[in-house]
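Work through the exercises below with the sequence and the model open. Each task is followed by its solution.

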Amino acid sequence: LGLTMVTGTGDIVSAGGRVVKNVAGFDLVRLATGAWGTVGAIVEASVRLRALPPHDETFVVAVDADDADGVAAALATLRALPFTFDSLALLDAATAHALDLADAAHGALVARAADTGVIVHAMRAALGAAGQVREVAPTLWEQLRTLEPAGSATIRLSHAPSRVLDVWRLACDVARGGEGQAHLAVDRTVARVTLPRRADEGEGGFAARIANLLRLTMTDFDGTCIGERLPAGAWDAVPRPRSDSDVLARLATGVRDAFDPARILNPGILGAAGGDR
């Protein structure tokens, strides 16, 4: 709802407030929370709290993540349901293995249902149309968020919901080529790919391998690719967003010029160090 941040010029900026209807003018709260730490370091935040649901359960359905037709059929089945799950993720085989999902050797769909007992029971029954359902501990979501090894590279791929299968296929290709892992937030059409550094690989070799992989796999992708964490020499290989104009680039550059002209905050995340994309 509100926050205080320290900008790249050392200024302390407060925005928003402590109630829901508090925005007048430019929404600095959304700018700061969506800017990947490039306009300011958030030092204080006011958040809205909601009551915990009476039932919160997580279910797994084994799927073959490399079977495009099978994945498409499963997602189509879930989209046809009269409700949506609180979270729905598609995991490749490597991610399922890392999470110890022994019955999902080729990949999995993981769904979270949080509501009254009657509704959660109905959601589990409906999920059965996509395959055999098994309940797992809800801590799986926390494990998924913290799965990547230290020192690994991480990128995010996204596109319009109608292109969810294209995003997933590309994420799997990148993960396979980099000996990594991929998972997809189905509701947001955002895939996250983690590429670990080999034990015998130096920083320069790791950067060169990741850069080559991105250049090989991203040639025809017209969606969005964001480098969350990359070795220094690989940032230039992250493809620029394709646009009919440079309006977005000029706006982004102007915002960063205002809040962080020296580019000291999270350098590289939105482009090569010293420049903007």
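**Exercise 1.** Is R156 buried, partly exposed or exposed, and at what relative accessibility?

*Solution.* Step 1: recall the classes, where buried means under 20% relative accessible area, exposed over 50%, and partly exposed in between (1.4 Å probe, protein chains only). Step 2: R156 has 21% relative accessibility, so R156 counts as partly exposed.

This is a predicted model, in which local features need pLDDT of at least 70, side-chain atom pairs count only at pLDDT 80 or more, and totals for chains, interfaces and linings use all residues. Residues are numbered from 1 along each chain as its sequence is written, and side-chain values use heavy atoms, with hydrogens and water left out.

**Exercise 2.** Find the residue that forms a salt bridge with E228, and state which strands the pair ties together.

*Solution.* Step 1: a salt bridge is a side-chain nitrogen of Lys or Arg within 4 Å of a carboxyl oxygen of Asp or Glu. Step 2: the partner of E228 is R156, with the closest N and O atoms 3.3 Å apart. Step 3: E228 lies in strand β11 (residues 224-229) and R156 in strand β8 (residues 153-158), so parts 72 residues apart in sequence are tied together; strands (E, at least two residues) are DSSP runs, numbered from the N terminus. Step 4: through shared partners, salt bridges join E148, R156, R192, E228 and R229 into one network.

**Exercise 3.** Describe the salt bridge between D103 and R134.

*Solution.* Step 1: their closest N and O atoms are 2.7 Å apart. Step 2: D103 is partly exposed at 42% relative accessible area, and R134 is partly exposed at 31%.

Technical notes:
Helices (H or I, at least four residues) and strands (E, at least two) are DSSP runs, numbered from the N terminus.
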